[in-house]
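Subject: Structure handover

Hi,

Here is the structure I promised to pass on to you. Please have it open while you read, and my notes follow below.

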Amino acid sequence: HPEQVASALEDPRPGLLERRGVLYPAVGVVVALGLALRAIQYAADRSLWFDESMLALNVLHRSAAGLTETLDYAQAAPLGFLELEKLATHAFGDSELALRALPLLCGLASVPLFAALALRLLRPATALLATLVFACAAGPVYYASEVKQYSGDVAVAIALTLLAVLFLDGSLSGRAQIVASLA
């Protein structure tokens, strides 16, 4: 009967994941998993590999001003990343964990940022799945513990995309729109 099919399609009851009391805790668990995976990778405290060590030598043996010049050992990285790495070594010492603190913070920030973006753009079940894939993806987990700028690139790209989405859908106040435009 066509009437029964039409009424079934228009069922106003939300699906299980469309209920905020289920969706948000589920996303929270997935975000916590992503944070834990990144923290575990960082805590493993593996030795620097060749490319990381070449970048670390630049950070450790140059002044902050010296990092604005062409780097040794065929290395390249954004100046902001290099200066924040230098700051981390002043604050926490020159250990491998200190050098990896900034990438870890960026990697950790990227997980809830991704979840917020997914929840804004996707249907609930798809947002949860996308967040799970991102939280567990080998690349972002690994790069959160590498002395390279990649986890920062990911965090900034996600943050700017989320900011653009919020800007375009009118969710930002006037002052926040100015900040979003500058970003």
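Let me begin with helix H4, on the face turned away from its buried side: the exposed residues there are Leu87, His90 and Ala91. "Exposed" means over 50% relative accessible area, "buried" under 20% and "partly exposed" in between, with a 1.4 Å probe and protein chains only. Helices (H or I, at least four residues) and strands (E, at least two) are DSSP runs, numbered from the N terminus.

Before going further, please note that this is a predicted model, in which local features need pLDDT of at least 70 and side-chain atom pairs count only at pLDDT 80 or more, while totals for chains, interfaces and linings use all residues. Residues are numbered from 1 along each chain as its sequence is written, and side-chain values use heavy atoms, with hydrogens and water left out.

Back to H4. Its buried residues are Phe81, Leu82, Glu85, Lys86, Ala88 and Thr89. They cover an arc of only 155° around the axis, which puts them on the same side of H4; the arc is that of the directions from the helix axis to the C-beta atoms. These buried residues pack against helix H3 (50–61), helix H5 (96–99) and helix H6 (101–121). The length of H4 agrees with expectation too: at 1.5 Å a residue, its 14 residues (79–92) should span 20 Å, and the end C-alpha atoms are 20 Å apart. The expected span is 1.5 Å times one less than the number of residues. Just after H4, Gly93 takes a positive phi of about 95°.

Next, Arg62, which sits in the loop between H3 and H4. Is Arg62 buried or exposed? It counts as buried, at 14% relative accessibility. A polar atom of the Arg62 side chain lies 2.9 Å from the backbone oxygen of Thr70, and a polar contact of 3.2 Å joins the side chains of Arg62 and Asp72. A polar contact is a pair of N or O atoms within 3.5 Å; within protein, one must be able to donate a hydrogen and the other to accept it, and residues adjacent in sequence count only if both atoms are side-chain atoms. Leaving aside neighbours within four places in sequence, Arg62 is in contact (heavy atoms within 4.5 Å) with residues including Leu67, Glu69, Leu71 and Lys86.

Now the aromatics. A search of the whole structure finds three aromatic pairs. Rings of Phe, Tyr and Trp (its six-membered ring) pair if their centres lie within 6.5 Å; planes under 30 degrees apart count as stacked, over 60 as edge-to-face and the rest as tilted. Phe114 and Phe134 are stacked, at 4.5 Å centre to centre with 10° between the planes. This pair links distant parts of the chain, with Phe114 in helix H6 and Phe134 in helix H7 (residues 124–136), 20 residues apart. Phe134 is buried, at 11% relative accessibility. The rings of Tyr142 and Tyr143 have centres 5.7 Å apart and planes at 70°, so that pair is edge-to-face. Both residues are partly exposed, Tyr142 with a relative accessible area of 28% and Tyr143 with 34%. Ring pairs link Tyr142, Tyr143 and Tyr150 into a cluster.

Finally, the chain overall: there are ten helices and zero strands, and buried residues make up 34% of the 183 residues.

Best wishes
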